[in-house]
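Here's a quick briefing on a protein chain, for someone who likes cut-offs spelled out. Have a look at the model first, then read on.

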Amino acid sequence: MVKGGMLRSWAVLWTVLLVVSGPAATTSAQEVTEAPTPTGLHLSKPPPGTDPRVLKFPFDKVNKNPYNVPNRNRKRDGTKTAVQLLDNADYLYYANITMGTPPQKMRLHIDTGSSDLWVETVDSKFCKAKGNPCANTGMYDRNASSSYEFVRSDFQISYADKEYSIGDYGKENFMIGGALIKGMQFGLGLNTTSSEGIMGIGYNTNEVQVDWLGKAPYPNVVDLMVKQGYIQSRAYSLWLNDMDSTTGEILFGGIDTAKFQGKLHTIPINLKKGKKTPSEFVITLTGLGLTNDEGKSMDLEGDDYSVPVLLDSGTTYTYLPSKLWEKLALEVGVRLMSGTAVVKCSLKRYNGTIDFDFSGYKIHVPFNELVVDAYDIYGAAITFDSGDQLCFFGIFPESDKANTFVLGDTFLRSAYVVYDLDNAKISLANIHFNVTNSNILEIGTGNDSVPDAVGVEHPVTMEFSGSRTAHTKTATPPTQTSDKSLSSSLLRPYVGVVISGWIFLWSFLA
């Protein structure tokens with residue numbers, strides 16, 4: 001889901017600022033005096049004196065220009081793999097690349113939920129605007145490159161939040177992870193409302209010209225890596241690392257066994273209804289549960305549960321069916337405030353996990369990877385009236401009628417994921433956080449090309465009717481559901497009044 005993470009993260013921040021802010025000098029939210037007590041898994045209180053994890057970002061969260069990310073060195077392994085280090089700026093993951101002859105430096109948002117690569121240009125009116133909004137991400141100048149080749153003038157991609165990019169298709173030399181890819185087709189944003197370019201690395205059958213223009217797909221960046229001999233098959237692995245880390249890693253054509261625990265577990269990619277080949281990274285979630293610090297677990301759904309979920313690095317948060325989310329929220333103390341999932345920040349200190357089940361294999365996401373600090377427009381921490389600090393919760397409810405749900409970065413940070421496009425498979429493992437060593441193995445060809453992987457015993461597949469792809473994403477959180485079903489003994493906030501003065505103040509500060 002292209003750019004969904006950035007837009008949603010700011011939409012979430014905007015909503016909470018308006019709701020919890022009142023005329024008082026402190027930013028707080030009132031608490032409800034009564035709430036039902038969850039009857040499921042008991043979460044032990046953290047040990048006395050335990051310091052909560054501090055959520056560190058390279059930039060202040062209230063800064064509307066979180067783009068000044070330092071460049072990272074790139075490296076190339078001796079085998080046929082291409083390593084690309086990723087920068088994390090305000091929950092989005094970027095790759096530093098070059099395009100053209102001579103090379104022009106740019107930064108692109110890595111997105112597994114889309115398939116087109118497009119860049120900001122020096123010809124864009126948006127990028128020429130006051131404040132130079134595209135300066136930190138970089139702008140491509142086709143007139144300054146001797147290797148640029150014009151293709152067509154029908155590039156167009158738009159989004160549900162009214163953002164769009166329109167321009168030309170071109171071909172150009174592209175450098176990533178030490179690989180010089182020649183003649184890569186890409187979109188030039190000549191008329192755009194966005195300040196960031198995108199590097200979609202999904203199936204070429206999900207390209208915008210296929211869906212919108214009815215044209216055949218063109219070879220995208222992953223296809224060309226194989227065609228030009230840099231990797232053996234269309235496959236790559238993604239390691240986002242934990243919330244505190246400012247970098248992650250994508251490894252094209254290989255895996256790094258030092259980054260995950262045990263074996264990889266392989267499940268099939270689901271097909272869209274009416275399609276014979278996959279176009280998106282949609283797999284089946286077969287359950288959700290909790291594990292406490294004593295190792296005791298509980299399931300929130302029965303054995304026959306199954307929903308399609310999109311693995312999308314372009315979305316900051318995770319979106320689950322609302323009924324399932326309500327069960328989870330009751331157990332861990334999450335509430336909705338004007339559609340925004342919030343929780344007491346003390347949840348970070350509980351040594352439990354939320355367990356995502358994929359045909360019997362579970363990815364365990366620690367609570368502290370799902371609790372995100374919230375700040376007001378002055379950069380001060382938001383608190384409830386009790387004085388407890390308020391945090392965002394990394395899982396949101398989505399309408400049960402949705403065709404597909406989304407596992408975004410709040411899930412993906414805890415999973416090592418191998419995207420095997422050639423064999424239409426996803427391999428998953430629980431990750432090792434913050435490791436510095438590597439053991440890179442090459443992904444070969446054939447049905448069992450991913451090393452150190454085993455198939456799940458009884459894989460569950462299902463057709464899906466559609467998902468939020470690059471051109472259909474939703475930028476705002478879902479609508480608030482009933483308060484009665486979301487109450488918890490751990491957190492009992494009450495939605496405060498909206499003060500219009502904050503709206504005007506935000507406008508002046510923006």
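The S-S torsion of C345 and C391 comes out at about 105 degrees, so this disulfide is right-handed. Its sulfurs sit 1.9 Å apart, where a disulfide means a pair of cysteine sulfur atoms within 2.5 Å. This is a predicted model, so local features need pLDDT of at least 70 and side-chain atom pairs count only at pLDDT 80 or more, while totals for chains, interfaces and linings use all residues. Residues are numbered from 1 along each chain as its sequence is written, and side-chain values use heavy atoms, with hydrogens and water left out.

**Disulfides**

- The count comes to 2 disulfides, and with the bonded cysteines numbered in sequence order the pairing reads 1-2, 3-4.
- C345 lies in the loop between β20 (340-344) and β21, and C391 lies in strand β25 (residues 390-393), so the bond ties together parts that are 46 residues apart in sequence. Helices (H or I, at least four residues) and strands (E, at least two) are DSSP runs, numbered from the N terminus.
- C345 has 9% relative accessibility, so it counts as buried; C391, at 0%, counts as buried as well. Buried means under 20% relative accessible area, exposed means over 50%, and partly exposed is in between (1.4 Å probe, protein chains only).
- The other disulfide joins C127 to C134, with 2.1 Å from S to S. Its torsion is about -75 degrees, so this one is left-handed. Both C127 and C134 are buried.

**The open sheet and its helix**

- Four strands make up an open sheet, in the order β16-β15-β21-β22, with antiparallel pairing. The edges are β16 (297-299) and β22 (361-366), each of which pairs on one side only.
- Neighbouring strands here are turned by 25 degrees against each other on average, direction ignored. Axes are lines fitted to C-alpha atoms, for helices over the stretch in contact, and angles run from 0 to 180 degrees between N-to-C directions.
- Helix α5 (residues 322-332) packs on this sheet and touches β15, β16 and β21. The direction of α5 makes about 5 degrees with that of β15. Contact means heavy atoms within 4.5 Å.
- Inside the sheet, β15 (residues 287-291) and β21 (residues 353-358) pair antiparallel over 5 bridges, and G287 stands opposite D357 in β21. Two strands pair if DSSP finds at least two bridges between them.

- β3 (residues 92-99) is mostly covered, with 8 of its 8 residues buried.
- L92, Y94, N96 and T98 point one way from β3, while Y93, A95, I97 and M99 point the other way.
- On one pairing, β3 runs antiparallel to β4 (residues 104-111), joined by 6 bridges; A95 stands opposite L108 in β4.
- The β3 and β4 hairpin has 4 residues between the strands, and G100 takes a positive phi near 90 degrees.
- β3 also runs antiparallel to β7 (residues 164-176), joined by 2 bridges. In that pairing T98 stands opposite M175 in β7.

**Strand β29**

- β29 (residues 425-430) has 5 of its 6 residues buried, so it is largely enclosed by the rest of the structure.
- β13 (residues 264-268) pairs antiparallel with β29 over 4 bridges, and here H265 stands opposite L428.
- β28 (residues 415-420) pairs antiparallel with β29 over 6 bridges, with A415 opposite N430.
- β28 and β29 form a hairpin with 4 residues between them, and A424 in the turn has a positive phi of about 55 degrees.

**Nonpolar cores**

- The largest nonpolar core has 106 residues, and those with the most contacts inside it are F174, F356, F358 and F393. A nonpolar core is a set of buried Ala, Val, Leu, Ile, Met, Phe, Trp, Tyr and Cys residues joined through side-chain atoms within 4.5 Å.
- Not counting residues up to four places away in sequence, F393 touches several residues, including Y317, L328, V332, I354 and L370.

**S124**

- S124 is found in the loop between β5 (117-120) and α2 (125-128).
- With 0% relative accessibility, S124 counts as buried.
- Leaving aside neighbours within four places in sequence, S124 is in contact with G189, L190 and T192.
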